[in-house]
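Subject: Handing over a structure

Hi,

Here is the structure I promised to pass on to you.

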Amino acid sequence: VNKNIVITGASSGIGENVAMKVAELGARPILLARSSDRLHKICETINKKTAVNSIYFQLDVSDFEQVKKVFQQIYEEVGYVDILLNNAGFGVFDAFSEASFEEIAKMFDVNVLGLMACTKEVLPSMLERNAGHIINIASQAGKLATPKSSGYSATKHAVLGFTNSLRMELAKTNIFVTAVNPGPIETNFFTIADKSGNYIKNVKRFMLKSDEVANKITQLMIHPKRELNLPRWMDIGSTLYNV
Ligand code: NJP
């Protein structure tokens with residue numbers, strides 16, 4: 001598959017995994033994240049292991065001016081984008097009464113507005129070519145609510161609302177719009193620092209493997225569909241911070 005695939009949040013977890021998998025299929029991943037040293041290493045590995053020339057750009061998706069600049073650079077470099085995987089995101093899990101409002105606002109900036117900003121940058125060209133696929137990583141947390149996830153869950157509900165509306169708007173085009181709703185996945189997402197500063201996993205059960213999720217997303221890129229639901233989490237409010 002000879003496609004240009006932009007992946008946000010490609011420096012770890014699902015994004016990193018998908019980047020490798022699509023390169024193995026012959027597509028060119030364009031990796032975006034804030035950690036440019038990680039992206040550099042990942043691109044090096046991809047380019048060594050596959051025949052693909054992957055590239056990366058440092059980007060904080062919540063810096064909307066930077067989003068515009070980076071996508072301009074992407075267009076200059078590769079000409080067009082076939083698939084945008086809006087994957088960058090993070091979660092902070094606290095009782096709402098104790099949650100930091102600043103952290104909640106930041107989650108909206110990254111998980112929702114950053115995703116919309118990147119989508120804004122690919123749509124005109126996709127409409128012009130009447131081709132493309134926008135895949136938004138939402139969550140089971142966007143479909144059901146659990147305690148201690150009010151801010152995160154609200155961001156993922158917003159992602160699903162945006163995705164469903166955009167899909168309707170584009171129904172008469174050849175642009176696919178998909179939401180992916182995973183349960184908890186074993187990535188850095190659920191890693192927190194303990195009191196001694198060591199990084200530990202704060203969820204112990206019901207974990208999907210990043211690799212299996214990446215496989216499903218890669219299949220979705222080959223055979224687009226509206227929504228991909230992966231096993232839902234169970235009672236996560238009580239499993240969080242059980243450390
Ligand atoms: O997590 P992780 P996942 N600008 O922490 C990047 C959703 N999800 O792969 O910027 C740009 O390994 C960060 O890169 P860096 C989840 O909500 C997960 O699990 O260098 N990039 C890294 O590459 C998220 O939307 C679970 O720090 C930013 C990546 O995002 C997606 O899956 C369950 C950024 C995060 O990689 C990928 O998460 C579920 C910014 N401002 C949905 N901030 C789960 N793991 O259980 C972060 O339902 N990134």
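This is a predicted model: local features need pLDDT of at least 70, side-chain atom pairs count only at pLDDT 80 or more; totals for chains, interfaces and linings use all residues.

Residues are numbered from 1 along each chain as its sequence is written.

Back to N2. N2 is exposed, because 8 other C-beta atoms lie within 10 Å. For that count, C-beta atoms are placed from the backbone, and a residue is buried with 20 or more others within 10 Å of its own, exposed with 12 or fewer, and partly exposed in between. Neighbours within four places in sequence aside, N2 is in contact with G26 and A27; contact means that the C-beta atoms of two residues, placed from the backbone, lie within 7 Å. N2 and G26 are 24 residues apart in sequence, and their C-alpha atoms are 6.2 Å apart.

Overall picture and confidence

The protein has seven helices and 11 strands. Of its 243 residues, 40% count as buried. Among contacts with a separation of 6 or more, 69% come from residues 24 or more positions apart.

The mean pLDDT (the predictor's confidence in each residue, from 0 to 100) is 90, and 89% of the residues reach 70 or more. The model scores ipTM 0.99 and pTM 0.94. One stretch to note is residues 234-243, where pLDDT stays under 50 and the model has 21 contacts beyond four places in sequence.

The ligand

The ligand is surrounded by 33 residues, and the closest are G9, G13, R34, G89 and S139. A residue counts as near when its C-beta atom, placed from the backbone, lies within 6 Å of the molecule. Helix α1 (residues 13-24) gives the most to this shell, with three residues. By class, the shell has 15 nonpolar, 15 polar and three charged residues. Here Ala, Val, Leu, Ile, Met, Phe, Trp, Tyr, Cys and Pro count as nonpolar, Asp, Glu, Lys and Arg as charged, and the others, Gly among them, as polar.

Helix α4 and what follows

Helix α4 covers residues 101-129, and its end C-alpha atoms are 41 Å apart; this agrees with the 42 Å that its 29 residues should span at 1.5 Å a residue. The expected span is 1.5 Å times one less than the number of residues. α4 bends by about 35° at L113, the bend being the angle between axes fitted to the seven residues ending there and the seven starting there.

Its buried residues include M107, N111, L115 and M126. The buried residues of α4 pack against β1 (4-8), α3 (64-78), β4 (83-86), β5, α5 and β6 (175-181).

After α4 comes N130, in the loop between α4 and β5. N130 counts as exposed because it has 10 C-beta neighbours inside 10 Å. Its phi is near 50°, a positive value in a residue other than glycine. Most residues other than glycine have a negative phi.

The β5-α5 loop and helix α5

K148 also has a positive phi, near 60°, and lies in the loop between β5 and α5. With 19 C-beta neighbours inside 10 Å, K148 is partly exposed.

A141 is found in the loop between β5 (132-137) and α5 (150-169). A141 is buried because it has 26 C-beta neighbours inside 10 Å. Beyond four places in sequence, A141 is in contact with S149, Y152, S153 and K156. A141 and G183 are 42 residues apart in sequence, with 7.9 Å between their C-alpha atoms.

α5 has 20 residues and reaches 28 Å from its first C-alpha to its last, close to the expected 28 Å. Among its buried residues are Y152, S153 and K156, and what covers the buried residues of α5 includes α4, β5 and β6.

R167, in helix α5, is partly exposed, with 18 C-beta neighbours inside 10 Å. Leaving aside neighbours within four places, R167 is in contact with V177 and R226. The C-alpha atoms of R167 and G89 are separated by 21 Å.

Best wishes

How values were computed. Helices (H or I, at least four residues) and strands (E, at least two) are DSSP runs, numbered from the N terminus.
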